[in-house]
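Biologist: I'd like to learn how to read salt bridges. Could you walk me through them with an example?

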Amino acid sequence: MKIEIKNNCIVSDISRELSLEIQNRLTLDNPKYIDAIKQGYRPFTLPAALSFYTDFSDNGQKLEVPEGFICELKKMQKKNGSDPVIIDKRPLIDPVSFQFHGELRPSQARACEGLIHAEFGVLHAPTGSGKTAQGGAVNPIFLRAALLWMNATGFLPCSLSNQRVGLTADSGQV
C-alpha cells in the first residue's frame, strides 16, 4: 500500500479486498434518508448511503480518502502483515518558534496531559473553555497551521492580540 499526502490523501497499490474494506469503512448510512423513511416520505433525491472516498480507477486500486483516515489505513495494512509506504508531499514552510506563557487551569492541564501522550486526538470542549490556550500549551507547533489558516481568512491579528492565550512569536516569523 502506498499513501501519498498532498492537499488530499491518495491510497494506491492496494489489493481488491483491501480496497473493498476501505470503501466499506468509509460508506455510512445517510441519516437524512433514514429519517425520511421513518417519517413515511419517499426520499427520491437523497442517497441511501454517504461515501467518503473517491475511486480513481476502474478496479478500486487508487482511492482518495480523508487524511484523518491514515491511522486506520496503517492499522489495516499492519493487519495484512506489512507497513504502508507514506509519501508526504505537503509543502514545507519555514519553522516558527512559539512560546506559551500562560497558566492552565487544573481541568485544562489534565486534558493537555492526555493529548501529549496520544498519536493524534481531538480537544472537544465548550466555547470559552480555553481550547486555544490548551493547544498552545500542548505543542505550539500545532498552532502554526491554525495561525496560517487564520491569517488567510483575516483572523490572525485577533488571535495574536489575545493576551490571555499567552502565545508569542518573534516579529516577522508568521
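**Reading the salt bridges**

Modeller: Happy to! Side chains of opposite charge can pair when their charged atoms come close. Keep in mind that this is a predicted model. Let's start with K75 and E72, whose side chains form a salt bridge with an N to O distance of 3.4 Å.

Biologist: Where do K75 and E72 sit relative to each other in helix α3?

Modeller: They are 3 residues apart in that helix, so about one helical turn separates them. K75 is exposed, at 53% relative accessible area, while E72 is partly exposed, at 25%.

Biologist: Which residue forms a salt bridge with E72 at 2.5 Å?

Modeller: That is R25, with 2.5 Å between the closest N and O atoms of R25 and E72. R25 belongs to helix α1 (residues 16-25) and E72 to helix α3 (residues 70-79), so this pair ties together parts that lie 47 residues apart in sequence. R25 is partly exposed, with a relative accessible area of 38%.

Biologist: How many salt bridges does the structure hold?

Modeller: There are 8 of them. One of these joins D83 and K78, where the closest N and O atoms are 3.7 Å apart.

Biologist: Is D83 buried or exposed?

Modeller: D83 is exposed, with a relative accessible area of 53%.

Terms used
Residues are numbered from 1 along each chain as its sequence is written. This is a predicted model: local features need pLDDT of at least 70, side-chain atom pairs count only at pLDDT 80 or more; totals for chains, interfaces and linings use all residues. Side-chain values use heavy atoms; hydrogens and water are left out. A salt bridge is a side-chain nitrogen of Lys or Arg within 4 Å of a carboxyl oxygen of Asp or Glu. Helices (H or I, at least four residues) and strands (E, at least two) are DSSP runs, numbered from the N terminus. Buried means under 20% relative accessible area, exposed over 50%, partly exposed in between (1.4 Å probe, protein chains only).
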